[in-house]
Amino acid sequence: ATRHGGKLTDTKLLMLGAGETGKSTFFRQVRILYSGGFKDDERQRLKDLIFTNVIVNIGMLIDAARLFRLALQPDNMPRAERMLRMSENEQVFINNPELFTQEVATDITLLWTDEAIRRAYARRNEFQLYDSAA
């Protein structure tokens, strides 16, 4: 809102762009810089969204590794199956943040160190992967 001739007016901005190009990120940054940041409930929602994006992205990387016929280390196969099941039900995790356990974090960390996942990530231009994975 700005003052114009003693009258308070709103300024509106229309942001156009393809998906995953940073429109929401831009508005979050403006809010942090000029509006005092986020309330606790908004912060929790964003935290849950970040966790969900991590799970969905690791699922996409596992699918891509399979598509490219990149073999995961045998120890990581059960982890990959768990993460794929989780990534297929992303809506469940948005509403149940307690499902993001230390075991889930460990699974993701160990999968990320797998050479097949790293090689799939190196080929991310060949499949759909959210920009937030970078």
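Is Asp-107 buried or exposed? I started my notebook with that one, and Asp-107 turns out to be buried, at a relative accessible area of 4%. A reminder to myself: this is a predicted model.

**Entry 1: around Asp-107.** I looked up the partner of Asp-107 and found a salt bridge between its side chain and that of Arg-82, 2.9 Å from N to O. The pair links distant parts of the chain, with Arg-82 in helix H3 and Asp-107 in helix H5 (residues 102–112), 25 residues apart. Arg-82 is partly exposed, at 28% relative accessible area. I also noted a network here: salt bridges with shared partners join Arg-79, Arg-82 and Asp-107.

**Entry 2: H2 against H3.** Next I checked how helix H2 (residues 40–67) sits against helix H3 (residues 77–88). Their axes come within 8 Å and cross at roughly 120°, which makes H2 oblique to H3. I logged the crossing as left-handed. On the H2 side the contact includes Ile-55, Ile-58 and Ile-62, and on the H3 side it includes Met-83, Leu-84 and Met-86. The residues of this contact divide into 8 nonpolar, 2 polar and 3 charged.

Entry 3: Arg-66 and Glu-81 form a salt bridge through their side chains, at 2.3 Å from N to O. Arg-66 belongs to H2 and Glu-81 to H3, so the pair ties together parts 15 residues apart in sequence. Arg-66 is partly exposed at 40% relative accessibility, and Glu-81 is partly exposed at 34%.

**Entry 4: the tally.** I count 5 salt bridges in the structure. One of them joins Glu-126 and Arg-123, at 3.0 Å from N to O.

Methods:
Residues are numbered from 1 along each chain as its sequence is written. This is a predicted model: local features need pLDDT of at least 70, side-chain atom pairs count only at pLDDT 80 or more; totals for chains, interfaces and linings use all residues. Side-chain values use heavy atoms; hydrogens and water are left out. Axes are lines fitted to C-alpha atoms, for helices over the stretch in contact, and angles run from 0 to 180 degrees between N-to-C directions. Helices (H or I, at least four residues) and strands (E, at least two) are DSSP runs, numbered from the N terminus. Angles under 35 degrees count as roughly parallel, over 145 as roughly antiparallel, 65 to 115 as roughly perpendicular and the rest as oblique. A crossing is left-handed if the near helix is turned anticlockwise from the far one by less than a right angle, and right-handed if clockwise. Contact means heavy atoms within 4.5 Å. Ala, Val, Leu, Ile, Met, Phe, Trp, Tyr, Cys and Pro count as nonpolar, Asp, Glu, Lys and Arg as charged, and the others, Gly among them, as polar. A salt bridge is a side-chain nitrogen of Lys or Arg within 4 Å of a carboxyl oxygen of Asp or Glu. Buried means under 20% relative accessible area, exposed over 50%, partly exposed in between (1.4 Å probe, protein chains only).
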